[in-house]
Amino acid sequence: MAQRVFYTILGIVLVGAGIFFLANRRTPNPSSTPERSTPAADLEIQVPSEVKKAAHYESNTPEAGAILPTPPPSVVIDVNFDLATGSTIEILQNGTDYGSGETTIDGNKLALRRAMRQDAPDGVYTVTYRACWPDGSCHDGQFSFGIDRDLLTTLTDSRNTSEVTIHMSQIKFSPIELRISAGTRVTWVNDDAVAHYVNTDAHPAHTHIPTFNSTELKKGGSYSYTFTEPGAYPYHCSAHAGTMTGLIAVES
Ligand SMILES: [Cu+2]
C-alpha cells in the first residue's frame, strides 16, 4: 500500500515537472542566454507569418510577421469593399485583448481600425478580425506581429529633442529607425535627384495614420510631421515601397 502511494506521488511529481518544463521553455528570458551576439539574437519570440485573409482583404498595419520595438498606436485592416457595422478587431496575447476602445470604420468604409494599449507586454500578438459587409455577411481574418522592447536600443536615439531631421539619400531614410519623445517635430528632406514620398503603412492604402502622408518631394523638398502620441509608426516611400522603409518609435 505504502509503495503504491509512493509511486502515485512520484508519478504526479514527474508529470508536474514535465508540464512546468513545457510551459516555461517558450518564455522569452534573454538574461539566461549568455551567447547573445546581435540584438536580433535577443528575439526569442517566433511570429507566425501566415495570414488568414478575409474576403476583400487588401493589407494590414502592422505587417504580418513584423516585430516592433513598442506597440503601434493602432491596428488597421484595409479592404476593397464597403465595411459595415458588426466589424471587429481583437489584438490578442494569451487570451487577453490589448485593443483599446471600440473598433471603428474609416469614413471611406475601406479601413477597419482599433487603438492598441501602450502598456501591452512584449510577445506575440494575434490580430483576429471580422469584416462585415452591407448585405450582413461577415468574414474572419487573422495575422500576427510581435513586440520586443529590447529593440529600442538598436534605434537612433533622438529623445528629448523637439526637432529632428531625417534625410532621404541614396533611396534610403537616414536614420532608418528613430526613437523620439512625444511632441517631437520630424522633418524629412530629399537629398536625392529622384522624387520620394513619406507614407504611413500599409502600401498602397497609407491608412495607419491618415494625416502622416506627404505629397511628392522633389530634390530639396521637405515634409514635417509632429508625433504627439506614443507608439511605433512604420512608414515607407511609396515610389520605392519594397526597399525604402523606416520606423519612428515615439515614447511618452
Ligand atoms: Cu523613394
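Predicted model: local features only at pLDDT ≥ 70, side-chain atom pairs only at ≥ 80, totals over all residues.
Val198, when residues up to four places away in sequence are not counted, touches Met168, Phe173, Trp188, Phe212, Asn213, Ser214, Leu217, Tyr223, Tyr235 and His236.

## The copper site

The copper ion is coordinated by His196 through ND1, Cys237 through SG and His240 through ND1, at 2.0 to 2.1 Å, and in sequence these donor residues follow the spacing H-x40-C-x2-H. His196 lies in the loop between strand E14 (184-190) and strand E15 (199-200), while Cys237 lies in the loop between strand E17 (231-236) and strand E18 (245-251), so the pair ties together parts that are 41 residues apart in sequence.

His196 is buried, with a relative accessible area of 0%, and Cys237 likewise counts as buried, at 0% relative accessibility.

## Gly246 in strand E18

Strand E18 also holds Gly246, a buried residue with a relative accessible area of 8%. Leaving aside neighbours within four places in sequence, Gly246 is in contact with Phe173, Ile176, Tyr233, Pro234 and Tyr235. The C-alpha atoms of Gly246 and Leu178 are separated by 8.2 Å, although the two residues are 68 residues apart along the chain.

Terms used: Residues numbered from 1 in each chain as written. Heavy atoms only, no water. Donors = N, O, S within 2.8 Å, 3.2 Å for Na, K, Ca; no water. Helix = DSSP H or I, 4+ residues; strand = E, 2+ residues; numbered from the N terminus. Buried < 20%, exposed > 50% of the residue type's maximum accessible area, 1.4 Å probe, protein only. Contact = heavy atoms within 4.5 Å.
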